[in-house]
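Open the model in your viewer and keep the selection panel at hand. The stops below run in order, each with something to pick and something to look at.

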Amino acid sequence: MIDITSQECFLWHTTIKICDMPMFNPLTIRFWGVRGSIPCPGSHTVRYGGNTPCVEIQANGQRIIFDGGTGLRVLGEHLMSQQPVAAHLFFTHTHWDHIQGFPFFQPAFVPGNQFHIYAVPGKNGQGIERRLNDQMLHPNFPVPLQIMGGDLRFYDLEAGEQVHLGGGVVVSNEALNHPGGGVGYRVSWQGIHVAYITDTEHLPDQLHPGAFVLADRADVMIYDATYTDEEYHHPRQSKVGWGHSTWQEAVKLAQAAQVKQLILFHHDPSHDDDFLDRIGELARAQFPQTLLAREGLMISVYPNVM
Ligand SMILES: [Zn+2]
Ligand SMILES: [Zn+2]
């Protein structure tokens, strides 16, 4: 059962089934940053939001954070009222839009908080600690990563490795198709599967095998829909080879993988609220269970206990 609400605006609500069996708490997904490439605050992006990628998932007491774009700063402010905080941060890759919020993640500066930080090393072999450290060096940033007083633990993952977080929550990854490398993730718990597939370019003649493994019969698939097909194949400003996908390819993958709920994500900074509304309408005509990610969107997925 999937239940969708938004912080500010009510999207839709399915009635929660009351049953005699003890109900598990749901897995929850919350979007803090949904924009790709660069933050784009302004009057034309207020409804979907201008912060870059950050998605929080909570399941059975485990808090997972995907990517540290500028949305991570906002999540950090939220977490300051819940200290001490422990969380698992998984980075897909370290392009700016996925790490720029990290130096402004307030809870990481506070002793007593604990963060486990994971990524697959980049194609240059650098691990996640080195890459987060380097963005905070002079002359690019005033204070070094070492000033963070929280307990930060860094882990370099193998492509395809599974991480067991405890409480039956498992996070697996698959390599995707992005300049410099990158992975997508799949969270599994109590038969619920959530796929986080961003910063990946579809293949011209087949579904990307890694993306398919992540998406296979997922309850929720979050997917890189930076472009429309028309923009991607534009005769003079083609986006082929830029490492991103389209909403049409998102629909194609969702249908093939029998996904229950598709969330279009990593919106192009040039796509204003009205343009994104239209993409939503077009996508829902082909795959009715489609939503566009927006800041504040919350999704609850309940284990099937019947
Ligand atoms: Zn990105
Ligand atoms: Zn990227």
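Select tryptophan 189. Is it buried or exposed? Tryptophan 189 counts as buried because it has 21 C-beta neighbours inside 10 Å. (Buried takes 20 or more other C-beta atoms within 10 Å of the residue's own, exposed 12 or fewer, partly exposed anything in between; C-beta atoms are placed from the backbone.) The model is predicted, and local features need pLDDT of at least 70, side-chain atom pairs pLDDT 80 or more, while totals for chains, interfaces and linings use all residues. Residues are numbered from 1 along each chain as its sequence is written, with chains lettered from A and ligands numbered from 1 in the order in which they are written.

Now colour strand E10, residues 183–189, which holds tryptophan 189. (Helices, H or I of at least four residues, and strands, E of at least two, are DSSP runs numbered from the N terminus.) Show what tryptophan 189 touches beyond four places in sequence: Leu27, Ala59, Asn60, Gly168 and Val169. (Contact puts the two C-beta atoms, placed from the backbone, within 7 Å.) Then draw a C-alpha to C-alpha distance from tryptophan 189 to glycine 69: 25 Å in space, 120 residues in sequence.

Step to asparagine 60, one of those contacts. Asparagine 60 sits in the loop between E3 and E4. Its phi is positive, about 50°, although the residue is not a glycine. Asparagine 60 counts as partly exposed because it has 15 C-beta neighbours inside 10 Å.

Next, select helix H1, residues 71–79. Its buried residues are Gly71, Leu72, Arg73, Leu75, Gly76 and Leu79. They pack against strands E2 (27–33), E3 (54–59) and E4 (62–66).

Follow the chain to proline 84, in the loop between H1 and strand E5 (86–90). The peptide bond from glutamine 83 to proline 84 is cis, with omega near 0°. Jump to proline 139, between helix H3 (128–134) and strand E7 (151–156). A cis bond joins histidine 138 to proline 139, omega about 0°.

Which residues touch the most other members of the largest nonpolar core? Select Val194, Ile197, Met221, Ile222, Tyr223 and Leu264, out of 74 residues. (Such a core is a set of buried Ala, Val, Leu, Ile, Met, Phe, Trp, Tyr and Cys residues joined through C-beta atoms within 7 Å.) Beyond four places in sequence, the contacts of tyrosine 223 include Ile197, Leu264 and Phe265.

Finish at histidine 266, in the loop between strand E13 (261–265) and helix H7 (273–286). Its phi is positive, near 60°. Histidine 266 is buried, with 28 other C-beta atoms within 10 Å.
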